[in-house]
Amino acid sequence: MEKKFKRIGVLTSGGDAPGMNAAIRSVAKSAMHFGIDCIGIRRGWQGLINCDFVRLDGHAVTHILGSGGTILYTARSEEFMTEKGREKAVGTCKVLGLDGIVAIGGDGTFRGALELSRLGIAVMGIPATIDNDIGCSNYTIGFDSACNTAIECIDKLRDTMQSHERCSVVEVMGRHAGFLALYVGLATGATSVLIPEREVNFEEDVVKRIQNARIAGSTNFTIIVAEGAGSAIDIGQRIHEALGLDPRVTVLGHIQRGGAPTGRDRETATRMGYHAVKAFAEGRSGSVICTQAGSITEIPIEEALEMKKHLPMIRYEIMQATSAPGMAL
Ligand code: F6P
């Protein structure tokens, strides 16, 4: 039987995440394994519109497994949101003879992939974002690396906060989700964590928790603010007004998106890349490669985009119980 997929493209789109290179490498190597030619599309969907590509032979993906960023660059494309832009993208697929596209990124990337599939191009999605906010997959590539970067920074901040007996307010990324903030808060024993999934009560969640920690003997405090829950600068100011402390504010920002991917991200990216190409090799397409209960599954993109993932609130309870223990005031 003639193979349906002879040549595929791979692209990264949206915000980058550590482990994207590992996923690109896995797609390229797995394609070789299945006898499929692989082309890298640069600069996401915009690159597909502009026919901006690079050949991905074994040499091109050597030594990228452990490197941060994405060798294919990434972008957010306004033009791809238009019908005309998508038609141009389909044109590129025809000119390059692409039978399918593996799109690595978040929700926006998968929405683009869905649109393309409606125009007859076979697609597979791989979830990669430091926010871990993709409903269909309980894990997204980059989350573990971003957590570890934030943890390392907060550990360093704690050293100086401890020496000066200060309060530190740290803003972490996560867009509209609190996964990163809560995970990092648990891992650093933060005094309090403010997340978008729970309405912030400044008096209860910040003032009382600092007071409890002080009564329990702490002289330094760490408040973690998810960017979706508010601004660390505002919280710092309010702490000063309420308690007379002189907090130091740190916005971790894009540092969380850089650096070498952790073992978990390399391993997950490698597995996901392989499964995306295997689906093509076996004649399937139109799904996102997801992790559910530790195993890899394929979920149709339309369904995947409808799925919601909830932050396990038990983790918030654990943070409250363990990070600033002391007599409740
Ligand atoms: O989605 C990843 C993310 O890093 C979010 O956490 C953050 O809100 C956003 O991207 C920042 O985007 P940009 O790179 O456009 O500043």
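Pockets were located on a 1 Å grid over the protein atoms alone, a pocket being an open set of points where a 1.4 Å probe fits, with protein on both sides within 12 Å along at least five of seven lines, and its lining residues being those with an atom within 4 Å of a point. The model is predicted, and local features need pLDDT of at least 70, side-chain atom pairs count only at pLDDT 80 or more, and totals for chains, interfaces and linings use all residues. Residues are numbered from 1 along each chain as its sequence is written, and side-chain values use heavy atoms, with hydrogens and water left out.

The second largest pocket is lined by Asn132, Asn138, Tyr139, Phe143, Phe179, Leu182, Tyr183, Arg264, Lys309, Leu311, Pro312 and Arg315. Its volume, taken as the space filled by probe spheres set on grid points joined across faces, edges and corners, is about 220 Å³. Helix α6 (residues 179–188) contributes the most to this lining, with 3 residues; helices are DSSP runs (H or I, at least four residues) numbered from the N terminus. By class, the lining of the second largest pocket comprises 7 nonpolar, 2 polar and 3 charged residues, where Ala, Val, Leu, Ile, Met, Phe, Trp, Tyr, Cys and Pro count as nonpolar, Asp, Glu, Lys and Arg as charged, and the others, Gly among them, as polar.

The largest pocket holds about 1000 Å³ of space. Of its 45 lining residues, Gly106, Asp107, Gly108, Arg111 and Arg175 lie nearest the centre. The elements giving two or more residues to this lining are α4 (107–118) and α10 (301–306), and α4 supplies the largest share, 6 residues. The lining divides into 15 nonpolar, 15 polar and 15 charged residues.

The ligand sits in the largest pocket, in that more than half of its atoms lie within 2 Å of the grid points. Arg76, Thr129, Ile130, Asp131, Met173, Gly174, Arg175, Glu227, His254 and Arg257 surround the ligand, each with a heavy atom within 4 Å of it. This shell contains 2 nonpolar, 3 polar and 5 charged residues.

Taken alone the ligand exposes 400 Å², of which the protein buries 75%, by the Shrake-Rupley method with a 1.4 Å probe.
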